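Look over the model below. The report that follows covers its pockets and its metal site.

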Amino acid sequence: MNALDLLEQLSNAFGPSSVEDDVRDLIVDVVKPLVDELRVDRMGNVIGTRRGRRDDVLLLDAHMDEVGFLVSYIEESGFLRLFPLGGWDARVLPGHALNVRTKDGTIVRGIVGTLPPHITAEAERSKAFALDDLFVDIGASTKDEVLALGIDTGTPVVPGYPFERINDNLVMGKAFDDRAGCTIATCALDALQGFDLDMTLAVSFTTSEELGLRGARTVANQVAPHVALALEGTTAVDVPGVHGARKLASMGKGPTVTIADRSAIASRQVVALLEDVAAKDNIPYQRKLPGGGGTDAAAIQPVGEGVLVGVISVPCRYIHSPLSMLFLPDLENAIRLTTGFVRSAASLL
Ligand code: CO
């Protein structure tokens with residue numbers, strides 16, 4: 001399976017939290033031949049299973065949703081207002097292109113409108129603003145025109161940037177958080193074809209992670225895993241002005257292994273096994289510094305009798321903005337580390 005091609009298709013797919021249909025269709029197509037069983041639950045999570053020698057379950061989890069918006073209000077003048085799906089900092093949005101998906105699935109292009117410096121007073125320019133201050137211009141001049149396009153309150157919106165390869169090793173795209181994780185899970189599943197599994201392997205592609213890890217909670221209840229890995233695109237902050245304890249991870253230094261973040265503390269046995277596998281298979285990796293956001297691992301860990309959890313991530317620069325950057329060898333090494341972990345995970349039982 002070609003990780004680059006898969007990442008391109010997945011990153012380009014339209015799928016903000018709770019509107020992941022296009023991503024789900026793509027994943028079901030690709031994953032179905034790689035598992036013994038595949039189902040979609042009522043929330044929209046995709047759960048695949050490959051039976052192993054034992055009934056104990058190892059779960060690989062990635063979330064399908066990307067940060068996006070719903071249309072919250074349509075101005076009489078035809079401009080749109082936004083309600084956030086996931087953690088947005090309004091400061092990164094002005095001047096960016098957005099894709100608005102109409103009722104019949106057509107994409108309408110828009111731009112987050114800004115005021116030109118020509119009419120902006122000095123005091124106004126240094127003022128922070130909120131999402132409520134922003135408006136989207138789709139070129140409509142009345143509310144009726146907007147409604148006629150099939151855009152209404154609740155219509156979903158995502159950043160409007162296609163996947164792009166910028167050199168041999170680097171790509172840019174809108175949704176590496178977490179289509180990078182979806183790519184790792186799928187490619188690991190593919191690499192494990194023909195491998196005689198000790199543990200039963202479940203793979204979940206979850207909904208609504210960005211709205212509070214909502215999909216993963218129901219997945220963990222259904223799958224009852226013994227061990228679980230969340231696979232992510234995480235915050236690379238190796239950029240000017242970020243030093244020391246704030247520099248959680250760097251692009252190009254291999255996949256990250258999480259020790260702790262704001263949502264959970266990784267199980268020590270899992271961290272140790274990940275580091276053993278990396279050393280044995282000669283896979284570059286970095287420990288992600290404690291801090292940052294949360295992952296599905298936090299929702300999975302306290303379910304049932306408790307789950308041993310870990311997180312492997314591809315460090316991506318500029319996540320939770322309209323466009324982020326990823327170093328392809330980091331993705332390849334995340335797939336190798338995940339695959340190696342699956343081969344050794346029965347030692348945790
Ligand atoms: Co994520």
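## Largest pocket

Two strands, β13 (227-236) and β16 (308-317), each supply at least two residues of the lining of the largest pocket. The largest share comes from β13, with 5 residues. This is a predicted model.

The volume of the largest pocket is about 830 Å³. Its lining has 33 residues, and the closest to the centre are T235, G292, G293, I319 and H320. By class, the lining of the largest pocket divides into 10 nonpolar, 13 polar and 10 charged residues. Domain 1 (3-66 + 174-348) and domain 2 (68-159) both contribute to this lining, so the largest pocket lies between them.

## Second largest pocket

The second largest pocket has a volume of about 430 Å³. It is lined by 14 residues; L115, T120, E124, K127 and F129 are the closest to its centre. Its lining comprises 7 nonpolar, 3 polar and 4 charged residues.

## Cobalt site

Which protein atoms are the donors of the cobalt ion? They are H63 (NE2), D177 (OD), E232 (OE) and E232 (OE), at 1.9 to 2.7 Å from the ion. The arrangement is irregular because the 4 donor atoms subtend angles of 51 to 142° around the cobalt ion. A tetrahedral call would need all angles between 85 and 135 degrees.

The donor residues follow the sequence spacing H-x113-D-x54-E. H63 sits in strand β3 (residues 57-63) and D177 in helix α5 (residues 176-191), so this pair ties together parts 114 residues apart in sequence. H63 and D177 are both buried.

Definitions and conventions
Residues are numbered from 1 along each chain as its sequence is written. This is a predicted model: local features need pLDDT of at least 70, side-chain atom pairs count only at pLDDT 80 or more; totals for chains, interfaces and linings use all residues. Side-chain values use heavy atoms; hydrogens and water are left out. Donors are N, O and S atoms within 2.8 Å of the metal (3.2 Å for Na, K and Ca); water is not among the atoms, so sites may look incomplete. Four donors count as tetrahedral if all angles lie between 85 and 135 degrees; four count as square planar and six as octahedral if opposite donors are over 155 degrees apart and all others between 65 and 115; anything else is irregular. Helices (H or I, at least four residues) and strands (E, at least two) are DSSP runs, numbered from the N terminus. Buried means under 20% relative accessible area, exposed over 50%, partly exposed in between (1.4 Å probe, protein chains only). On a 1 Å grid over the protein atoms alone, a cavity is a set of points where a 1.4 Å probe fits but cannot get out, and a pocket is an open set with protein on both sides within 12 Å along at least five of seven lines; lining residues have an atom within 4 Å of a point. Grid points are joined across faces, edges and corners, and a volume is the space filled by probe spheres set on the points. Ala, Val, Leu, Ile, Met, Phe, Trp, Tyr, Cys and Pro count as nonpolar, Asp, Glu, Lys and Arg as charged, and the others, Gly among them, as polar. Domain bounds come from an automatic or database domain assignment.
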